[in-house]
Amino acid sequence: MEPRFLSLCLNPTIQKTYVFGRLDQGEVNRALLVRTDASGKGVNVARVLSEAGAKAVHITHLGGSSGEWFLSLCQADGIDVRWVDSRSPVRICSTVIEREARRATELVEESAPVAEGTEERILALFRDQARLGGFLILSGSKAAGYSPSVFPRMLRMAAEAGVPALLDIRGPDLLACLPFRPAAAKPNLQEFLATFPPSLEEASLEEGSLEVGSLDGSTLERHIEATLRRLKSDYGTDFVLTRGDRPVLFLEDGRLSEMEVEKTEVVNPIGSGDAFAAGMARVLADGGSLKESVRRGIEFGRANASELKIGTIGGRRV
């Protein structure tokens with residue numbers, strides 16, 4: 001039976017993408033191209049999974065006329081959205097792409113707080129969806145108004161329903177969810193080190209070793225390997241650490257391993273991490289290996305980066 005996916009995000013977004021040849025500071029700049037898409041990490045995951053031929057349901061909150069706009073954009077992309085009324089507008093974020101400089105700048109709007117009662121409504125919706133089975137991808141931050149317990153409560157419901165989970169969250173949210181033994185987690189390296197920092201003794205042994213991308217068989221590498229082993233032992237959770245276009249890190253046979261990311265012409269990098277998560281989930285839900293899920297994640301992430309539209313793999317079915 002084809003697996004069913006639940007893509008959950010409590011921070012919906014309408015994404016405006018502006019393309020310029022060049023951007024002159026302090027001057028009037030006319031865009032060559034503008035596009036508008038439903039976004040937020042969970043929407044991007046659901047869109048990619050749908051493009052890959054999977055059945056994906058996106059769970060979120062919405063409010064007001066911007067919520068209706070968001071739904072119309074999702075409908076145009078064939079995304080199945082289940083939502084509760086938060087009486088809060090959907091935020092609008094912008095990506096500015098400069099072709100000459102080959103640069104993408106993200107402008108992020110903070111979310112409006114959700115209304116009282118939203119949390120209990122979203123938990124009830126999630127419980128009903130989890131009881132139908134599937135594979136959960138929990139992505140991103142949560143809007144103001146939610147309690148710190150909302151994500152772990154969802155993970156408890158998923159565990160009770162026998163729904164495995166892939167987490168793309170960080171910090172206290174990630175730590176609070178680990179006791180419910182998610183199948184996998186995929187923070188980027190910077191998020192991982194902020195969540196599981198080296199001890200002061202480790203940090204002081206090698207000044208500068210904590211910079212992202214400076215893995216030289218050093219203290220940092222040993223810290224990562226030891227932490228991944230401990231997390232696997234304590235929670236049964238496989239961690240995959242992305243680093244942009246640098247090799248992806250994960251444990252293979254108990255040792256820290258790397259998988260190269262083949263270079264690609266980057267059109268818009270936004271959403272590539274979400275495409276990576278979708279690729280991982282597609283393989284893991286089918287019973288594939290962690291290594292194969294990383295390979296698929298890299299493939300989907302590269303495909304997204306080569307498209308102007310965010311959260312897409314260009315319609316390929318894998």
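User: Which residue in E12 stands opposite Val-240?
Analyst: Phe-250 does. Strands here are DSSP runs of E with at least two residues, helices are runs of H or I with at least four, and both are numbered from the N terminus.

User: What sort of model is this, and how are residues numbered?
Analyst: This is a predicted model, with residues numbered from 1 along each chain as its sequence is written. Local features need pLDDT of at least 70 and side-chain atom pairs count only at pLDDT 80 or more, while totals for chains, interfaces and linings use all residues; side-chain values use heavy atoms, with hydrogens and water left out.

User: Back to the strands. How many bridges join E11 to E12, and which way do they run?
Analyst: E11 and E12 are joined by three bridges and run antiparallel. Two strands count as a pair if DSSP finds at least two bridges between them. E12 covers residues 246-252.

User: What is in the turn of that hairpin?
Analyst: Two residues lie between the strands E11 and E12, and Gly-244 takes a positive phi near 65°.

User: What does E12 pair with next?
Analyst: Five bridges join E12 to E13 (residues 255-259), and these two run antiparallel. Phe-250 has Ser-257 as its bridge partner in E13. E12 and E13 also form a hairpin with two residues between them, where Asp-253 in the turn has a positive phi of about 55°.

User: And E10 with E11, parallel or antiparallel?
Analyst: Parallel, over two bridges; E10 is residues 184-185. Ala-184 stands opposite Asp-238 in E11.

User: How many residues of E11 are buried?
Analyst: Five of its six residues, so the strand (238-243) is mostly covered. Buried means under 20% relative accessible area, exposed means over 50%, and partly exposed lies in between (1.4 Å probe, protein chains only).

User: Which residues does Phe-239 touch?
Analyst: Leaving out residues up to four places away in sequence, Phe-239 touches several, including Leu-174, Pro-187, Phe-192, Phe-196 and Phe-250. Contact means heavy atoms within 4.5 Å. Phe-239 also forms one aromatic cluster with Phe-192 and Phe-196.

User: Why is the pair of Phe-192 and Phe-196 called tilted?
Analyst: Their ring centres are 5.1 Å apart and their planes stand at 45°, so the pair is tilted. Rings of Phe, Tyr and Trp (its six-membered ring) pair if their centres lie within 6.5 Å; planes under 30 degrees apart are stacked, over 60 are edge-to-face, and the rest are tilted. The structure holds four aromatic pairs.

User: Phe-192 and Phe-196, buried or exposed?
Analyst: Phe-192 is buried, at 0% relative accessibility, and Phe-196 is buried at 7%.

User: Which residues have the most contacts inside the largest nonpolar core?
Analyst: Ile-224 and Phe-239, in a core of 44 residues. Helix H4 (residues 150-160) gives the largest share of this core, six residues. Apart from it lies another core of 40 residues, with Leu-49, Ala-52, Val-81 and Phe-300 among them. A nonpolar core is a set of buried Ala, Val, Leu, Ile, Met, Phe, Trp, Tyr and Cys residues joined through side-chain atoms within 4.5 Å.

User: New topic. In what order do the strands of the open sheet come?
Analyst: The order is E3-E2-E6-E7, with mixed pairing. E3 (33-39) and E7 (103-107) are the edge strands, each pairing on one side only. The twist averages 20° from one strand to the next. E2 (residues 13-20) pairs with E3 in the antiparallel sense over seven bridges, and Gln-15 has Asp-37 as its bridge partner in E3.

User: Which helix packs on the sheet?
Analyst: H2 (residues 64-76), touching E2, E3 and E6 (91-98); its direction makes about 100° with that of E3. Axes are lines fitted to C-alpha atoms, for helices over the stretch in contact, and angles run from 0 to 180 degrees between N-to-C directions.

User: Where is Gly-63 found?
Analyst: In the loop between E4 (55-62) and H2. Gly-63 is buried, with a relative accessible area of 4%.

User: Last one. Why is H9 described as largely enclosed?
Analyst: Twelve of the 14 residues of H9 are buried, so the rest of the structure largely encloses this helix. Among the buried ones are Asp-274, Phe-276 and Arg-282. After H9 comes Gly-287, with a positive phi near 85°.
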